[in-house]
Amino acid sequence: MESALLWILVLPLLGAAVNGVAATASARLGRPLPRAFSAAVGCAGPTISFLLVLLLFRRMLGLPEGERLLEREVFRWIDAGSLTIHLRLLADPLGTVMALVVTGVGGLIHYYSIGYMAEDRGHARYFSFLNLFLFFMLLLILGDSLATLFVGWEGVGLCSYLLIGFWFEDRAKATAGKKAFLVNRIGDFGFLLGMLLLAVGFGGNGGVATLKISEIAARLHELPPGVIEGAALLLFLGATGKSAQIPLYVWLPDAMAGPTPVSALIHAATMVTAGVYMIARMEALYAAAPIASAVVLVVGAATALFAAVIGIAQTDIKKVLAYSTVSQLGYMMIGVGAGAFAAGIFHVFTHAFFKACLFLGAGSVIHALHHEQDIRRMGGLLKRMPLTGWTFLVSAAAIAGFPPLSGFFSKDEILFRAFTGANEAVPWAPRFAWILGTLAAVLTAFYMFRLFFLVFAGDARGEGAKHARESNGWFTVPLVILAAGAALAGFLGVPAALGGANRFEAFLASGGGSAAHGHGHFPAHPASHGAELGLMGLAAIIALAGTLLAWWLYRRDPERPARIAARFPAAYRTIRDKFYVDEVYYLLVVLPLTGISRRLLWRVVDVRFVDGLVNLTGHLTRGASFLVRFAQTGHAQTYGFVILAAVAALLWKVFSG
């Protein structure tokens, strides 16, 4: 079964290579590639990989608890001093759960893309990039060292750039791709420094450097507390980029510029979960770094609330979902920051279903309305697009936290862990995160049902909505499967307070590795089942309150939101314009860097120094050639004269003694 690990990884890469070569050949020959071919190749890799992951999962269930670990060494990669790195693949319960999400939900997005991208002339190129995205995400998940994880980390960053800017002939879309790439580089720099700090920390004073995750966990006692905290904070900087946390979240809403299935893939199954996964994988490091864990908690909670506030005033259907993703990622960070690594990964798991369903549902609406994305020109679509509408409703209710849908169990578990959690370095952080998370939950229910009412309820407000028709099976079949997952996935994590056994957490714990123990090594305040049931009741009331508020504003009296906005114009504009964060970044970061680049880096460093060195080399070569050019006259008489002179000089030298 260990050999399957390599095939799970390689199959999407093969699909990317075949479609990439075929697309290039097609462009050179000027002959269109059959779309059925590129779609078949693009979908085959994720499908077979998903079946192999299912077999892996079945095999893992058959292994004794504590021994659920499969490894496959590919080759010896790096030898540098005391540091040796192997490219080794590892599947434990955490990696298997993530691989199921990536290949399962990612595979459904591939099938959905057959319908969504049917008319696009870059069909083969699109599937090539999509397959490559899955390959790098699987490498990130299955790598057993931080170095391998980092290769996958960079790879998904590259693929996000390629896919967000897929329609690169549109300047705005190309700019969005560059923005995602550049913002993530800031986080990646932190990740790289954190990785190097760990390697130097272990390798100093004659020690053996290592980046293998299991060895890092086992040898943490060799590092001083400052190095542990520093490495955890630097790695978290990387996570803020990939998982779109304050202050590096700004690329994710603009990532909507790519095709909608790409948005679903980035938001649900691949890139944005990488930061949460990395922290869960490095559980031992964060358990030993209470200050860094408190930072994760507070940043996650602030992000959850901040993004939820912005989400309530957006009018682009994809932008609402984008800020929803940022907010939900904040919840996941609360989970891992509180030491509830299994709860954080459980929310990654359930979020993959309902967020993919919501994005693909939005794609179905946009396709039916001929690329209309403004929710103010929609309405009444539930009766025209019933499958899209009902699956959207199920997923909206799931993310809002209605029991017994999946989001209720996973979000409640995180808030409960924060409420009962403790942090020895920053004692107020867990309870502070719970308060912000609870407020964000009210807003989540509000903006999701605002979205549903404006898009699917009432009367059509635009010409596109009046003539919309249900999408075909390539759209609706994935939506139904994902909605079923959004409804039922939560039953894998029913807590003991409701008579369940939280089988999801038990499965993660059965590997004996990362994300295994819920609270990890974090202390926690004791809590009874009664307290947990009370918090669940509060969560249900919050979901209902947010929904009723949305109904009161957008269904009972649809003119009321405009009156409120007119009464508080400054507040409304500030929220609608996203607190002007992008504008502040432009003034404080982009403009100074652009000025320095133009006046110093370009005119002085590039033109005078770099170009000057290159030109000096040219001038020196030209001068030398000037001196010797008289020997290259092209006249045979001259060459004969030189030869005779040389022979005469030699003879004189020989006979003169």
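The model is predicted, so a local feature needs pLDDT of at least 70 and side-chain atom pairs count only at pLDDT 80 or more, while totals for chains, interfaces and linings use all residues. Residues are numbered from 1 along each chain as its sequence is written, and side-chain values use heavy atoms, with hydrogens and water left out.

**Helix pairs**

Let's start with two helix pairs. Helices here are DSSP runs (H or I, at least four residues), numbered from the N terminus. Axes are lines fitted to C-alpha atoms over the stretch in contact, and angles run from 0 to 180 degrees between N-to-C directions.

| Pair | Angle | Axis separation |
|---|---|---|
| α1 (residues 2-29) and α4 (residues 123-142) | about 155° | 8 Å |
| α17 (residues 386-400) and α18 (residues 406-420) | about 15° | 6 Å |

Helix α1 packs against α4 at about 155°, which means that α1 is roughly antiparallel to α4 (a label for angles over 145 degrees). The α17 and α18 pair sits at about 15°, so α17 is roughly parallel to α18 (angles under 35 degrees). As for handedness, α1 passes α4 in a left-handed crossing, whereas α17 and α18 cross in a right-handed way. A crossing is left-handed if the near helix is turned anticlockwise from the far one by less than a right angle, and right-handed if clockwise.

The loop between α17 and α18 holds P404, and the peptide bond from P403 to P404 is cis, with omega near 0°. Another cis peptide bond links I246 to P247, with omega about 10°; P247 belongs to the loop between α8 (225-242) and α9 (251-254).

That α8-α9 loop also contains A244, a non-glycine residue with a positive phi of about 50°. Is A244 buried or exposed? A244 is buried, at 0% relative accessible area (buried means under 20%, exposed over 50%, and partly exposed in between, with a 1.4 Å probe and protein chains only). N502, in the loop between α21 (473-488) and α22 (503-509), likewise has a positive phi, near 45°, without being a glycine. N502 is buried as well, at 13%.

**A nonpolar surface patch**

Finally, a nonpolar surface patch of about 970 Å² includes I596, V604, F609, L613 and L620. Areas come from the Shrake-Rupley method with a 1.4 Å probe. L613 lies in helix α26 (residues 581-628) and counts as partly exposed because its relative accessibility is 46%.

How values were computed
Patches are made of residues with over 30% relative accessible area and no salt bridge: like charges are joined within 9 Å, nonpolar side chains (Val, Leu, Ile, Met, Phe, Trp, Tyr) within 5 Å. A salt bridge is a side-chain nitrogen of Lys or Arg within 4 Å of a carboxyl oxygen of Asp or Glu. Angles under 35 degrees count as roughly parallel, over 145 as roughly antiparallel, 65 to 115 as roughly perpendicular and the rest as oblique.
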